[in-house]
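Biologist: Please take me through this model one place at a time, and state the cut-offs as you go.

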Amino acid sequence: MDSSQFSDADRTPVFDVIIAGCGPTGAMLAAELQLHDVRVLVVEKETEPVSFVRIVGLHIRSLELVAMRGLLDRMLEHGRKRPAGGFFAAIDKPAPKDLDSAHSYLLGIPQPVIERLLEEHATQLGAQVRRGGAVVGFEQDDEGVTVELADGEQLRSRYLVGCDGGRSTVRKLLGVAFPGEPSRTETLMGEMKVGVPQEDISARVTEIGRTNKRFWLRPFGEGAYSVVVPAEGVSDRTEPPTLDDFKQQLRTVAGTDFGVHSPRWLSRFGDATRLAERYRVGRVLLAGDAAHIHPPTGGQGLNLGVQDAFNLGWKLAAQIRGWAPETLLDTYHDERHPVAEDVLDNTRAQMELHSTEPGPQAVRRLLTELMDFDEVNRHLIEKITAIGIRYDFGEGPDLLGRRLPDIDVKGGRLYRLLHRGRGLLLDRTERLTVGGWSDRVDHLADPTAALDVPCVLLRPDGHVAWIGDDQQDLDDHLSRWFGNPARPDRRSAPTATRPG
């Protein structure tokens with residue numbers, strides 16, 4: 001044991017949270033914790049950030065989350081807006097024009113860029129990031145977790161969170177089951193140059209794409225193309241494919257290899273679908289791909305992980321800061337596990353609809369017709385983009401448990417008031433107060449707010465935790481979500497000023 005990692009002989013943790021993995025999920029979680037002055041160390045086994053330029057898409061709910069923390073403008077500088085439609089099984093239907101969001105688009109952004117921006121955000125807030133430090137073991141006790149790194153160093157923290165991907169070491173060491181289905185199909189993906197004219201490619205891709213939705217060649221800039229092609233069988237995913245693999249599969253599917261050459265990067269992915277049975281065992285938790293894996297159809301994977309982090313961050317911080325209600329941390333599993341179940345189901349369905357067999361193709365044609373009905377199309381778009389999520393907070397109006405859009409409030413938009421990761425009472429009555437919870441909940445008295453209810457209490461993740469106009473009822477819900485009040489003198493007058 002390296003005694004320098006402990007503050008004294010009683011094994012007091014130096015860190016509050018150690019996060020294994022500095023992908024988008026781990027970096028977002030680190031930032032959310034640092035908003036509450038939690039001591040965070042992120043350990044990442046890779047010595048350098050990813051270098052290949054794979055484009056990922058931020059869906060509407062993820063765009064709302066980064067807007068809540070003041071990050072959206074940075075993302076927009078490096079991304080490209082695309083219409084929020086055609087996500088479900090690549091069925092080409094536009095999104096409804098009146099989706100209930102100020103950010104109703106897809107933002108295509110290079111994966112290295114989003115990882116860099118989120119890591120910079122976390123470190124600017126005070127998180128430490130250590131690269132080349134793979135977690136190989138840990139032991140937990142009543143006071144914390146002792147984490148062992150590959151070089152033999154041992155670190156002590158109060159909690160450990162595994163954000164270390166689909167092959168998560170943390171999950172395996174924790175002994176959490178990961179039931180589901182192994183890969184049945186495999187797809188090759190990469191970026192490379194081609195040796196034939198664009199018009200020849202377009203004609204062939206259009207023809208094949210009528211039935212094969214796992215195939216494309218798309219211009220990517222600087223003479224490169226993004227290439228996706230189905231593969232035969234299932235290979236060892238730890239071994240990257242070769243250019244010859246791409247040529248062979250392109251000839252099988254398209255009858256030509258398009259003269260592909262000079263690859264920038266090559267990879268393969270399968271359609272394995274698995275979900276961890278538990279997201280928490282004592283002081284160790286799982287998030288992102290460590291908790292769930294599924295095919296990339298619909299582009300939900302990165303988004304699901306970032307949203308996990310956003311749900312977990314403030315709850316784990318509350319536990320560490322000492323004001324969390326007894327069951328608050330358990331609501332992370334209770335809320336996010338069903339969301340992941342739904343994502344796994346919809347990706348299973350989409351993969352079936354990608355099949356070129358007559359039966360799935362018939363179902364695909366039928367669903368294409370059904371999506372001409374606004375209700376069907378809206379339901380599927382809201383499912384893929386995660387704006388249709390409603391957590392179970394008990395009986396109440398439909399808005400209860402849902403996220404509140406970025407509505408107009410006094411002085412601007414709502415999400416600017418959530419940059420600090422605190423709760424918010426949005427009060428149209430100008431009669432209520434957060435009193436003894438003012439150290440963790442802000443209050444905006446605004447009779448002009450674009451709400452059709454008197455008042456709402458928002459959690460730090462933007463979900464509506466209470467609706468009403470009665471102070472005692474509000475106090476009960478403040479206690480439910482934000483613990484005991486810090487002061488007994490809770491009847492201070494409400495303020496109409498913007499939270500700082």
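Modeller: Contact here means heavy atoms within 4.5 Å of each other. This is a predicted model, in which local features need pLDDT of at least 70 and side-chain atom pairs count only at pLDDT 80 or more, while totals for chains, interfaces and linings use all residues. Residues are numbered from 1 along each chain as its sequence is written, and side-chain values use heavy atoms, with hydrogens and water left out.

Biologist: Is Leu404 buried or exposed?

Modeller: Leu404 is found in the loop between α11 (374-385) and β19 (408-409), where helices (H or I, at least four residues) and strands (E, at least two) are DSSP runs numbered from the N terminus. Setting aside residues up to four places away in sequence, Leu404 touches Leu399, Leu414, Tyr415, Leu426, Leu451, Val456, Leu458, Gly462 and Val464. The classes are buried (under 20% relative accessible area), exposed (over 50%) and partly exposed in between, with a 1.4 Å probe and protein chains only. Because its relative accessibility is 3%, Leu404 counts as buried.

Biologist: Which strands are the edge strands of the open sheet of 4 strands?

Modeller: The order of the open sheet is β22-β21-β23-β24, with mixed pairing, where two strands pair if DSSP finds at least two bridges between them. Strand β21 (residues 423-427) pairs with β22 in the parallel sense over 5 bridges, and Asp427 has Ala445 of β22 as its bridge partner. Pairing on one side only marks the edge strands, which are β22 (441-445) and β24 (464-468).

Biologist: Which side chains does a polar contact join to that of Asp442?

Modeller: Asp442 has its place in strand β22 and counts as buried because its relative accessibility is 7%. A polar contact is a pair of N or O atoms within 3.5 Å, where, within protein, one must be able to donate a hydrogen and the other to accept it, and residues adjacent in sequence count only if both atoms are side-chain atoms. By that rule the side chain of Asp442 is joined at 2.9 Å to that of Arg420, and at 3.0 Å to that of Arg422.

Biologist: How many residues of strand β5 are buried?

Modeller: In a regular strand the side chains alternate between the two faces of the sheet. On one side of β5 lie Tyr105, Leu107 and Ile109 and on the other Leu106, Gly108 and Pro110, and all are buried. Strand β3 (residues 55-58) pairs with β5 in the antiparallel sense over 4 bridges, and strand β4 (residues 80-83) also runs antiparallel to β5, joined by 4 bridges. For β5 (residues 105-110), the number of buried residues is 6 of 6.

Biologist: At what angle do the axes of helix α2 and helix α8 cross?

Modeller: Axes are lines fitted to C-alpha atoms, for helices over the stretch in contact, and angles run from 0 to 180 degrees between N-to-C directions. The axes of α2 (residues 60-68) and α8 (residues 301-321) come within 10 Å, and the crossing angle is roughly 40°.

Biologist: Which residues make the contact between α2 and α8?

Modeller: The crossing of α2 and α8 is left-handed, a term for a near helix turned anticlockwise from the far one by less than a right angle, with clockwise being right-handed. From α2 the contact is made by Arg61, Ser62, Leu65 and Met68, and from α8 by Asn303, Gln307 and Phe310.
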